[in-house]
Amino acid sequence: MTLGCTGYNNKCSTYVAYGMGYGLLAHDMVERFLAHYFGVSAHVYTRGTWTTPEAAHPDRDVGSTDYVAAGVHLAPTYLKWALLFEDPNSRAVWVGKAVPRDWLALGHQPLAVSNATTRYGRVSFRIQAEKAATQGGFRVRASVLLPPSYAAAANAPPGGVRLRLRVPGEHAGHLSAVTVGGVGWAHFDAAAETVDFSRAALTPATLEAMRDIVADFAPKSTRDSSSSKTKS
């Protein structure tokens, strides 16, 4: 390992790294995946051109090995997995599984993906933080567009769909309420930061409602109050 990347002779490799990133995401080691992804992007790709040698030394005065075509697709593949990932064990489709937390900060541009591929059909989504109705709270609005085939039991992902909202650290773990299509949705996991849709829940009505998902995070004052009551 060199700078979080697999390689040899103290070099970071590009063409053999896919399995490492995939494995980290499969085991939900998101922070390690992001460190690996950004490490490869910063230290292996040729500056200014984004072409890829087979392997590069962190010391740029040490020559890299020759260009390898397989490495060109490493960074875009990692980006795809961070945004849309198919779990090999649960067979769930994850939306936003490994999004960097800063991307869902208030005032940040919307995170938008159009017609990304999955084995069950193309998926589009839009996620953006916005001011919460409650003072000190935090809100994320998401719109997930799934193909009609997701509503057919034979074609839907067996593990359903999991929308992860990796909000800035001060709000992480404090998801308190979710609405889907304006109606309260109880299937969310604050610790995992997910809004969950089982295969059985992926009805045509739910697919339509998923165009308007609102997730509210409890304000700090409420969290502090709850913590005090628990300690008492």
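1. Phe 85 has Trp 94 of β5 as its bridge partner. This is a predicted model. β4 and β5 (residues 93-95) run antiparallel and are joined by 3 bridges.

2. Helix α3 (residues 74-83) packs on the sheet here and touches both β4 and β5. The direction of α3 makes about 80 degrees with that of β4.

3. Now the whole sheet. It is open, with 5 strands in the order β4-β5-β9-β13-β12. The pairing is mixed. β4 (84-86) and β12 stand at the edges with a single partner strand each, so one side of each has no neighbour in the sheet.

4. Helix α3 also meets helix α1 (residues 18-26). Their axes come within 11 Å and cross at roughly 10 degrees. The cut-off for roughly parallel is under 35 degrees, so α1 and α3 count as roughly parallel to each other.

5. Which residues make up the contact of α1 with α3? From α1 come Tyr 18, Gly 21, Tyr 22 and Leu 25. From α3 come Leu 74, Thr 77, Tyr 78, Trp 81 and Ala 82. The residues divide into 7 nonpolar, 2 polar and no charged.

6. Glu 193 deserves a separate check. It lies in the loop between β12 (188-189) and β13 (194-197). Is Glu 193 buried or exposed? Its relative accessibility is 9%, and the cut-off for buried is under 20%, so Glu 193 counts as buried.

7. The side chain of Glu 193 makes a polar contact with the side chain of Arg 101, at 2.9 Å. Beyond four places in sequence, the contacts of Glu 193 include Leu 163, Arg 164, Leu 165, Arg 166 and Val 167. Ala 172 and Gly 173 are also among them.

Conventions. Residues are numbered from 1 along each chain as its sequence is written. This is a predicted model: local features need pLDDT of at least 70, side-chain atom pairs count only at pLDDT 80 or more; totals for chains, interfaces and linings use all residues. Side-chain values use heavy atoms; hydrogens and water are left out. Helices (H or I, at least four residues) and strands (E, at least two) are DSSP runs, numbered from the N terminus. Buried means under 20% relative accessible area, exposed over 50%, partly exposed in between (1.4 Å probe, protein chains only). A polar contact is a pair of N or O atoms within 3.5 Å; within protein, one must be able to donate a hydrogen and the other to accept it, and residues adjacent in sequence count only if both atoms are side-chain atoms. Contact means heavy atoms within 4.5 Å. Two strands pair if DSSP finds at least two bridges between them. Axes are lines fitted to C-alpha atoms, for helices over the stretch in contact, and angles run from 0 to 180 degrees between N-to-C directions. Angles under 35 degrees count as roughly parallel, over 145 as roughly antiparallel, 65 to 115 as roughly perpendicular and the rest as oblique. Ala, Val, Leu, Ile, Met, Phe, Trp, Tyr, Cys and Pro count as nonpolar, Asp, Glu, Lys and Arg as charged, and the others, Gly among them, as polar.
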